[in-house]
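Subject: Handover of a structural model

Dear colleague,

Please find below the model that I am handing over to you. My notes on it come after the sequence and structure.

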Amino acid sequence: MAGEKSVAFVAEQQIPPSPPPVRTGGALGWARDNLFSGVFNSVATLLSLAFVAYILAMVVPWLFIDSVWNASSLQGCREVDDGACLAVINERFLQFVFGFYPEELRWRPILAFVLLFVAIWPALFSSAPRKLLIFSALYPLLAYWLIWGGSLWGPVGAVVGIAIGWACIRFLPPLLARGRLDEGLAFLAAVGAGILGAALWWLFCVIAFEEALSTVLAISLEPVESARLGGFLLSTIIGVSGIAGSLPIGIVLALGRQSNLILIKGVCVGFIEFIRGVPLITLLFVAWLLLSYFLPPGTEFDLILRVVIMVTAFASAYMAEVIRGGLAGLPRGQYEAADSLGLDYWKSMRLIVLPQALKISIPGIVNTFIGLFKDTTLVIIIGLLDPVGLLQPIRADQNWNGIVWELYGFIALFFFIFCFAMSRYSMYLERNLDVGHR
Amino acid sequence: MRLKTTLIAAAAATAFSVGAHGATLDDVKAKGFIQCGVSTGLAGFAFTDSDGNWDGFDVVFCRATAAAVFGDPNAIKFTPTTGKTRFTALASGEIDLLYRNTTWTLSRDVDLKFSFLGVNYYDGQGFMIRKDMGVSSASELDGATVCIQTGTTTELNLADFFRANNMNYEPVPIETNAEAQQKYLANACDVYTTDASGLAATRATFEDPENHVILPEIISKEPLGPLVRHGDNAWGDIVRWVLNALIIAEEKGITAANVDSMASADTKDPEIKRLLGVEGNYGEMLGLSADWAVNAIKTGGNYGEIFEKHIGENTAIGLARGLNALWTEGGILYAPPFR
Ligand SMILES: N[C@@H](CCC(=O)N[C@@H](CS)C(=O)NCC(=O)O)C(=O)O
């Protein structure tokens with residue numbers, strides 16, 4: 001009997017946990033903790049809510065309920081309803097995206113844009129197949145060809161020049177060093193030879209190269225001149241090339257600034273300090289106006305190309321300083337460890353120093369990218385029609401006279417999406433590389 | 001300010017030495033199009049339509065020039081310029097021709113070394129204010145804040161006017177017309193002053209144009225016209241005579257619609273014959289084809305047609321011909337004889 005009746009005061013099962021009091025759990029608890037945790041916070045919350053509601057009460061009906069999507073003029077809009085006249089964006093959307101790019105060729109920039117994601121995929125995510133990097137390296141050539149058209153061999157010729165320069169810098173130093181030249185001097189000589197070789201190629205051989213190959217195998221797209229590029233296409237071209245160019249150049253400049261070779265160091269410091277001492281707008285003016293004085297009359301030097309070069313130079317100088325910060329943040333021991341492993345300069349940089357330095361610099365790098373992207377709107381001053389530049393002639397059209405908020409809001413939205421995506425990505429990257437736990 | 005002027009002058013001087021032997025006409029013919037500077041966007045004068053084509057009063061004159069040179073009004077590219085950048089752009093050779101509400105003044109002609117080639121719009125500087133300010137004359141504007149475009153003649157006229165009348169003002173410098181519009185509507189300034197045509201164009205864009213008035217005083221002469229670099233005489237002649245041809249076309253009643261029939265039909269008027277290339281070798285003298293004027297007129301019609309279409313009384317801008325009527329109709333538009 002005694003064995004059957006178990007002891008009553010010990011529970012046989014665990015008592016199921018009861019839900020926390022309403023006041024501390026769930027949405028209410030969260031609100032209590034986060035929004036109303038004191039008199040001051042409660043007041044602040046209520047005020048902010050009122051403010052948000054006030055703004056929404058103005059914007060939502062204007063943008064979503066009373067807005068007009070189909071009309072051919074502002075007057076037309078106002079006859080229908082008194083909200084946002086989004087008809088202007090409806091009508092000019094393609095103009096904002098492509099500028100004056102010929103309609104039947106617009107698949108080309110679209111394709112270039114899609115391929116851009118393929119090209120940056122391996123650079124952004126380590127899970128991507130490594131082979132794609134080859135495609136990434138060739139992408140600038142492809143994009144240039146797609147957007148501007150013309151013979152494929154022109155851009156190929158330009159790239160061959162770069163390849164010549166690179167090959168000199170890569171392969172000459174050991175050869176020269178064997179010939180009893182000091183290592184630093186050998187490197188300098190190689191750089192000089194590389195620049196000279198590329199310049200000679202560009203000046204004298206490219207055209208012949210292009211013509212020769214065109215007779216053998218003519219691959220060409222209908223050319224589109226720079227004056228037809230505009231809108232978001234233009235901002236993206238300038239922004240992306242600036243970003244893609246400034247990172248490697250910035251790294252080289254940052255390394256150069258730390259170099260023991262006085263000449264290289266001097267050139268890098270001079271470049272960085274000069275560019276940082278001058279506002280971007282001045283550089284754009286130089287690109288636009290002063291260059292025409294120095295170039296021989298009649299030379300065609302594409303304006304967008306000039307702008308891209310200037311913007312890249314500008315961003316590179318800032319990038320160099322950001323990366324220098326990263327390099328300086330590395331403990332000396334890392335450099336010494338690399339040396340003690342017997343790695344040469346490039347290997348120690350590539351395998352040990354730079355990965356760590358770049359990791360620390362990510363926020364600064366992305367900062368520079370975002371700044372650069374927003375700076376592309378400055379090109380309006382030199383007569384290029386980026387989205388903001390397009391806005392003025394559109395507003396001067398009698399049909400759309402007087403429209404303000406809709407257009408500025410639209411452009412702001414575009415820039416926000418781009419910049420927000422960049423900043424989110426940098427956060428993802430930081431989390432992935434775990435910067436905090438170095 | 002002085003530094004800027006010096007810089008522009010230096011740039012202009014250098015360009016002069018370049019431009020003198022690098023004749024623009026040859027360059028233009030070699031590259032096959034004209035690079036024309038226009039404003040960054042001013043209602044009626046320069047804007048883009050839904051297909052992305054530039055249009056407007058100033059733009060049509062550029063196009064007519066292209067039509068005269070190449071027989072094609074689309075053989076042209078446009079560069080939007082602000083009040084400040086326009087002269088540097090022209091001096092450096094980035095543009096071949098400037099049609100941008102630009103006032104012909106002595107210093108621009110002589111000091112900046114540009115050739116003005118005529119007047120396509122006789123203008124004067126006016127003031128726009130909100131009606132509820134209760135001001136009815138510019139002489140009551142003492143102490144006002146004034147939106148003013150930098151790098152323009154209007155900036156200088158404004159200072160002169162207030163000084164001459166012993167009044168004070170606070171300038172709010174702005175770069176483009178669009179910016180001025182915003183500032184003015186946001187009450188950042190009481191008064192917006194610029195060329196009266198620009199004021200009318202700007203006011204036409206407001207939601208409530210009836211609440212804004214343009215004061216009766218016109219404080220300056222603003223003859224607006226095309227310009228090229230000094231030393232570009234052959235090129236300048238073409239620009240000048242395209243403008244004159246469009247004015248003469250109005251005098252003679254030649255329109256875009258009837259120019260072809262006029263050129264082929266047996267008109268009595270010898271000046272029409274000369275203009276349309278039926279008689280004489282005037283095209284050849286300019287280095288153009290015989291039908292250059294026909295092509296120019298076909299682009300957007302004669303002067304009167306261009307005016308009516310873009311800024312005339314039936315448009316939102318609603319400018320009266322006023323001074324810009326033909327001399328035979330009470331205006332001062334007077335082209336030299338075509339012979
Ligand atoms: N005529 C004066 C003023 C010309 C001017 O700037 N006009 C304004 C308004 S009438 C304009 O064209 N703005 C268009 C723009 O900002 O691009 C000058 O030549 O200095």
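The notes below treat the domains, the contact between the chains, helix packing and some single residues.

This is a predicted model, in which local features need pLDDT of at least 70 and side-chain atom pairs count only at pLDDT 80 or more, while totals for chains, interfaces and linings use all residues. Residues are numbered from 1 along each chain as its sequence is written, and chains are lettered from A and ligands numbered from 1 in the order in which they are written.

Domains

Domain bounds are taken from an automatic or database domain assignment. For chain A, the assignment gives domain 1 (102-147), domain 2 (150-221) and domain 3 (229-438). The centres of domain 1 and domain 2 of chain A, taken over C-alpha atoms, are separated by 24 Å.

Chain B is assigned domain 1 (2-122 + 224-329) and domain 2 (125-220). Their C-alpha centres lie 28 Å apart. To the contact between them, domain 1 of chain B gives 18 residues and domain 2 of chain B gives 17 residues; two residues are in contact if their C-beta atoms, placed from the backbone, lie within 7 Å. On the side of domain 1 of chain B that touches domain 2 of chain B, 8 residues are nonpolar, 9 polar and 1 charged. In this division Ala, Val, Leu, Ile, Met, Phe, Trp, Tyr, Cys and Pro count as nonpolar, Asp, Glu, Lys and Arg as charged, and the others, Gly among them, as polar.

Contact between the chains

Between the chains, 24 residues of chain A are in contact with 34 residues of chain B. The elements of chain B that give two or more residues to the side touching chain A are helix H1 (2-21), strand E2 (47-48), strand E4 (76-81), helix H4 (85-91) and helix H7 (177-185). Helices (H or I, at least four residues) and strands (E, at least two) are DSSP runs, numbered from the N terminus. The most comes from E4(B), with 4 residues. By residue class, the side of chain B that touches chain A has 12 nonpolar, 18 polar and 4 charged residues.

Helix packing

Two packed helices are described by the angle between their axes and the distance between the axes. Axes are lines fitted to C-alpha atoms, for helices over the stretch in contact, and angles run from 0 to 180 degrees between N-to-C directions.

In chain A, the axes of helix H15 (residues 387-396) and helix H16 (residues 405-433) come within 11 Å and cross at roughly 165°. H15(A) and H16(A) are therefore roughly antiparallel to each other; angles under 35 degrees count as roughly parallel, over 145 as roughly antiparallel, 65 to 115 as roughly perpendicular and the rest as oblique. The crossing of H15(A) with H16(A) is right-handed; a crossing is left-handed if the near helix is turned anticlockwise from the far one by less than a right angle, and right-handed if clockwise. A:Pro387, A:Val388, A:Leu391, A:Ile394 and A:Arg395 of H15(A) meet A:Leu407, A:Ile411 and A:Phe414 of H16(A). This contact has 7 nonpolar residues, no polar ones and 1 charged.

In chain B, helix H3 (residues 57-70) and helix H13 (residues 292-300) pack at an angle of about 150°, with their axes 7 Å apart. H3(B) and H13(B) are therefore roughly antiparallel, and H3(B) passes H13(B) in a right-handed crossing. The residues that meet include B:Val60 and B:Arg63 in H3(B), and B:Trp292 and B:Lys298 in H13(B). Here the contact divides into 7 nonpolar, 3 polar and 2 charged residues.

H3 and H13 of chain B, together with helix H9 (233-251), are among what covers the buried residues of H14(B). A residue is buried if 20 or more other C-beta atoms lie within 10 Å of its own, exposed if 12 or fewer, and partly exposed in between, with C-beta atoms placed from the backbone. Because 6 of the 8 residues of helix H14 (residues 303-310) of chain B are buried, the helix is largely enclosed by the rest of the structure. The buried residues are B:Tyr303, B:Gly304, B:Glu305, B:Ile306, B:Phe307 and B:His310.

Single residues

Most residues other than glycine have a negative phi, and most peptide bonds are trans. Phi of B:Asn101 is positive, near 40°, and phi of B:Asn187 is positive, near 65°. B:Asn101 lies in the loop between strand E5 (97-98) and helix H5 (106-111) of chain B and is buried, with 27 other C-beta atoms within 10 Å. B:Asn187 lies in the loop between H7 and strand E11 (191-195) of chain B and counts as exposed, with 9 C-beta neighbours inside 10 Å.

With kind regards
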